[in-house]
Amino acid sequence: MSDRGPRPPKGRRRRRLTAGACVTLAAALALTACGGGGDKKSGKAKPPPPPSTQPEAEVNAAPGSLDLKSSAGLRKPVTYDDKITVKVGGIRYVKPKANGPGQIAGRVLTIFTLSFTNGTAKPLDLNQVRVVARYGPAKTEARPTSYANINDFYGSVPPGKDKRASYAFDIPTSGYKSVSLGVKFDARHKAALFVGTLHP
């Protein structure tokens, strides 16, 4: 015999459970209606936050790298009619240690530091910048890679200001006799082209 007293009929217990489930569901729906970070008027989600800004020195830092000499063609700035200037400000190389998966001992990375100077009266958008490096007589496209904390261009350059970023490529030293760098940043301007030779 049990001390709990008589049990309610099965039907009544089922109704109690159903009522409890309804209360839980209603509370969940109320929380869902209150939550969410979207714009209630447009029904669109808020855009993601902008990328975290690194100091320019950190964006372009390449510990252990050494300067490369180059012919004049790789250093000659390209200035457009609207006074936007693109130039290669520095060229370095580094032989990273193979201390991680996919890394190859003895591989040489070539790092180009580029700069945009905005001579226009409007901000210059750099979110679409694409940099392509080629080398050797066959103009083989170099594989872009990463090194240290170097970062691509993003954001914009205010009028009268400039901005730098560095790009690393896997270029064998045997291809240094013929190197080209193409920089495309929007649909209105032709790609800036830098061509020449490199040597330590």
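The model is predicted, with local features needing pLDDT of at least 70, side-chain atom pairs counting only at pLDDT 80 or more, and totals for chains, interfaces and linings using all residues. Residues are numbered from 1 along each chain as its sequence is written, and side-chain values use heavy atoms, with hydrogens and water left out.

View 1. Helices (H or I, at least four residues) and strands (E, at least two) are DSSP runs, numbered from the N terminus. The chain has 200 residues, and 32% of them are buried. Buried means under 20% relative accessible area, exposed over 50%, and partly exposed in between (1.4 Å probe, protein chains only). The accessible surface comes to about 13,500 Å². Carbon and sulfur atoms hold 57% of that surface. These areas come from the Shrake-Rupley method with a 1.4 Å probe; for residues, only the protein chains shown count as cover. A contact means heavy atoms within 4.5 Å. Of the contacts in the chain with a separation of 6 or more, 70% are between residues 24 or more positions apart.

**View 2. Strand 5 sits between two pairing partners, strand 4 and strand 11.** Two strands pair if DSSP finds at least two bridges between them. Strands 4 and 5 pair in the antiparallel sense over ten bridges. Here Val-88 has Leu-114 of strand 5 as its bridge partner. Strands 5 and 11 also run antiparallel, joined by nine bridges. On this side, Ile-111 has Ala-168 of strand 11 as its bridge partner. Nine of the ten residues of strand 5 are buried, so the strand is largely enclosed by the rest of the structure.

View 3. The side chain of Thr-113 makes a polar contact with the side chain of Ser-166, at 2.8 Å. A polar contact is a pair of N or O atoms within 3.5 Å; within protein, one must be able to donate a hydrogen and the other to accept it, and residues adjacent in sequence count only if both atoms are side-chain atoms. Leaving out residues up to four places away in sequence, Thr-113 touches several others, including Asn-60, Lys-87, Arg-92 and Arg-164. Ala-61 is 52 residues from Thr-113 in sequence, yet their C-alpha atoms are 9.8 Å apart.

**View 4. The largest nonpolar core has 34 residues.** A nonpolar core is a set of buried Ala, Val, Leu, Ile, Met, Phe, Trp, Tyr and Cys residues joined through side-chain atoms within 4.5 Å. Among the residues with the most contacts inside this core are Phe-112, Phe-116, Phe-169 and Phe-194. Strands that each supply at least two of its residues include strand 7 (130-135), strand 12 (179-184) and strand 13 (192-196). Strand 4 gives the largest share, five residues. Apart from this core lies another, of seven residues, among them Leu-109, Ile-111, Tyr-147 and Ile-150. Phe-169 touches residues including Val-108, Phe-112, Ala-142 and Leu-181, not counting those up to four places away in sequence.

**View 5. Ring pairs join five residues into a cluster: Tyr-80, Phe-116, Phe-153, Tyr-167 and Phe-185.** Rings of Phe, Tyr and Trp (its six-membered ring) pair if their centres lie within 6.5 Å; planes under 30 degrees apart count as stacked, over 60 as edge-to-face and the rest as tilted. The count comes to five aromatic pairs. Phe-116 and Phe-185 form an edge-to-face pair, 5.1 Å centre to centre with 75° between the planes. Phe-116 is in strand 5 and Phe-185 in the loop between strand 12 and strand 13, 69 residues apart. Both are buried. The rings of Phe-153 and Tyr-167 have centres 6.1 Å apart and planes at 40°, so this pair is tilted. Phe-153 counts as buried at 6% relative accessibility, and Tyr-167 at 8%.

**View 6. Asp-67 is an exposed residue in strand 1 (residues 66-67).** Its relative accessibility is 62%. Asp-67 touches Ile-91, Arg-92 and Tyr-93, not counting residues up to four places away in sequence.
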